[in-house]
Amino acid sequence: MIRFAFAGRCSTEDLQDPEASRNWQLTRARALIEPAGGQIVTEYFDIGHSRSLPWQRRPRANDLLRALREPNRGFDAVVIGEPQRTFYGNQFGNTFPVFVHFRIPLWVPEVGGPIDPDNEAHDLVMSVFGGMSKGERNRIKIRVRTAMSSQAKLQGRYLGGRPPYGYRIADAGPHPNPAKAAAGQCLHKLDPDPATGLVVLRIFSMYVGNRYIDGMSDEAIALRLNREGIPCPSAHDAARNPHRTKTGWQAGAVRTILLNPRYTGHEVWNKQRREERLIDVDDVTLGHRTTMTHNPRDEWIWSNEPAHTPLITKELFEAAQRARRQRARAYQQQERPTRRSTRRPYVLRGRVRCTLCGRKMQPSAIRDRVYYRCEYKEQEAALYPGLDHPRTVNLREDIVCRALDAWIARAFTPKRLPPPSPHSVRPALRQAPHRPNHPSRPRPARRSRNASGVLPATRPPWTPEPTQPSSPSGSTTHNVTRKRHRRSSTPCRPSPGRRNRPSPPTRSGRSLRDSETSHSASRPPTPTRRSPSTKPWASRSPTTTQRGPRPSGRGPQFRIAIASVRGGT
């Protein structure tokens, strides 16, 4: 006898009966294995899970994959009653190699027995069934969405969901489908709620205002309703809102009411859609995650005629939307004279919570200090009734940062850190070859230090000092030395290649050094030792009147001698 494990799936999206679906799939599986002496000893049947989910995300299918790894699994083969309900898209190609690896045969009625991994026809048949399963699901989605779109647009039919605040669900006659009508099912429509319908009209009136009173904001309307003790939408209909808080009105609830066009009497559908997004873009076998996404307004489907009793006029609704756009535009164009050009960095933004109410504390700057504040206004008091909370709780950022730095210093001391592992270094860094210096590119010489170990002083900035030596002819000679200041503070040192370079000749054929030698007698004696930044041509005679080419060196250096004769030129 061959022991088999049965694998199947039933989805509740199509209003299927799980017991009936399990029975007919199990019947097909037994008809396949009983002639071969097989018997089903265990079952792995998923209920209420979409076929688009991979096997790893289905509870019972995942248990089957885990059981394949156990030596004492309790079965010798696996049988499937309906491959289109078990495999979707390319799931067979991602799952069947696991069965092959553990040598567990997989029996399918469409093949007539176990699937042969070396048979191309079997692989092609199973791939076709996976594609057919995906196509069937897509066709069902298209048919359902198209039918609901036409029903909302042409008939104005209420298509289910929670009724908006201000309405309640009422019967609209028997169901047009004879089978459903025979079962007692009826159509539904929205009927005004006498307890909350007037509140909706009042919210729109307070928001729009009139010629004498300006409109109120969402926060102000919520505060007014909380003061008057009017129950919020989740508190009024607690049975349909078990996941929402029922403590008081919020600005978000007021905004949702003001943006809902169904209060005008028209049925509006397709405001949201289900969108499937990949869980991991690097591993598409994990499948998708279904999320609700808001559609743009141009994709909303409105009924051609009013479908239920309106609570407000269409003009009032359009006035509210127009007022919201104008306020948003005014807020965006509002100039803030105290606004800084750069945003202040808040190092603990979003990481500090109030221990009383549990909310995040908001950062703000007060007198050049950063504080994290928790404001407890009347609107927040409605959410936490009976909570003893101060009006404002302030916490200085520098106090928290000092304590946090001290904790980090204690937590990450060298004694607590693990020893470095040789595997933590990248192989490219460990195996990097040594690159010797090129002979044509010697290393730059380091700055020498004196005997006391101190670097030599940098060259001071240049200031022009005019000199007025007396001449036998009675003329006055002004000598001005101009130099371009160096931006770097490193001392200038003549390069080795320029120390013994001959001085450029002047117009008379003599070098600058010869000219300096000829006037050395008229200069006072200077010390022999020169600073490292002294240039060979920096000691020219102040009475030199010969103008030759500019000597080569670092930066433009030249002298100008102007002789003026008293009483004439």
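**Group meeting: a walk through one predicted chain**

Helices here are DSSP runs of H or I with at least four residues, strands are runs of E with at least two, and both are numbered from the N terminus. The model is a predicted one, where local features need pLDDT of at least 70, side-chain atom pairs count only at pLDDT 80 or more, and totals for chains, interfaces and linings use all residues. Residues are numbered from 1 along each chain as its sequence is written, and side-chain values use heavy atoms, with hydrogens and water left out.

Is Tyr376 buried or exposed? Tyr376 counts as buried because its relative accessibility is 9%. Buried means under 20% relative accessible area, exposed means over 50%, and partly exposed lies in between, using a 1.4 Å probe and protein chains only. Leaving aside neighbours within four places in sequence, Tyr376 is in contact with Arg359, Ala381, Tyr384, Leu387, His389, Pro390 and Arg391; contact means heavy atoms within 4.5 Å. Take Arg391 from that list: Tyr376 and Arg391 are 15 residues apart in sequence, and their C-alpha atoms are 5.1 Å apart.

Now His389, another residue on the list. His389 lies in the loop between α12 and β14 (392-396). His389 also counts as buried, because its relative accessibility is 9%. Not counting residues up to four places away in sequence, His389 touches Cys354, Leu356, Cys357, Cys374 and Tyr376.

Next, the cores. In soluble globular proteins, nonpolar side chains tend to be buried together. A nonpolar core is a set of buried Ala, Val, Leu, Ile, Met, Phe, Trp, Tyr and Cys residues joined through side-chain atoms within 4.5 Å. Which residues have the most contacts inside the largest one? They are Ile203, Phe204, Ile221, Trp249, Ile257 and Tyr263, in a core of 26 residues. At least two residues of this core come from each of α7 (197-208), α8 (218-227), α10 (251-258) and α11 (314-333). The largest share, six residues, comes from α7. Ile257, again leaving aside neighbours within four places in sequence, is in contact with Tyr165, Val200, Ile203, Phe204, Trp249 and Tyr263. A second, separate core has 21 residues, including Tyr44, Trp55, Ile104 and Val108.

Tyr44 and Trp55 come up again at the largest cavity, whose lining is Ala7, Gly8, Arg9, Tyr44, Asp46, Trp55, Arg58, Ala61 and Thr86. The lining has four nonpolar, two polar and three charged residues. β1 (2-10) and β2 (38-47) each supply at least two lining residues, and β1 gives the most, with three.

Finally, the whole chain. The protein chain has 15 helices and 16 strands, and buried residues make up 30% of its 569 residues. Of the contacts with a separation of 6 or more, 61% are between residues 24 or more positions apart.

How far does the confidence go? The average pLDDT is 77, and 70% of the residues score at least 70; pLDDT is the predictor's confidence in each residue, from 0 to 100. Over residues 427-432 pLDDT stays under 50, and the model has three contacts beyond four places in sequence for them. Over residues 530-569 pLDDT also stays under 50, with 79 such contacts in the model. Where pLDDT is low, the predicted coordinates should not be read in detail.

Conventions
1 Å grid on protein atoms, 1.4 Å probe; cavity = no way out; pocket = protein on both sides within 12 Å on 5 of 7 lines; lining within 4 Å. Nonpolar A, V, L, I, M, F, W, Y, C, P; charged D, E, K, R; others polar.
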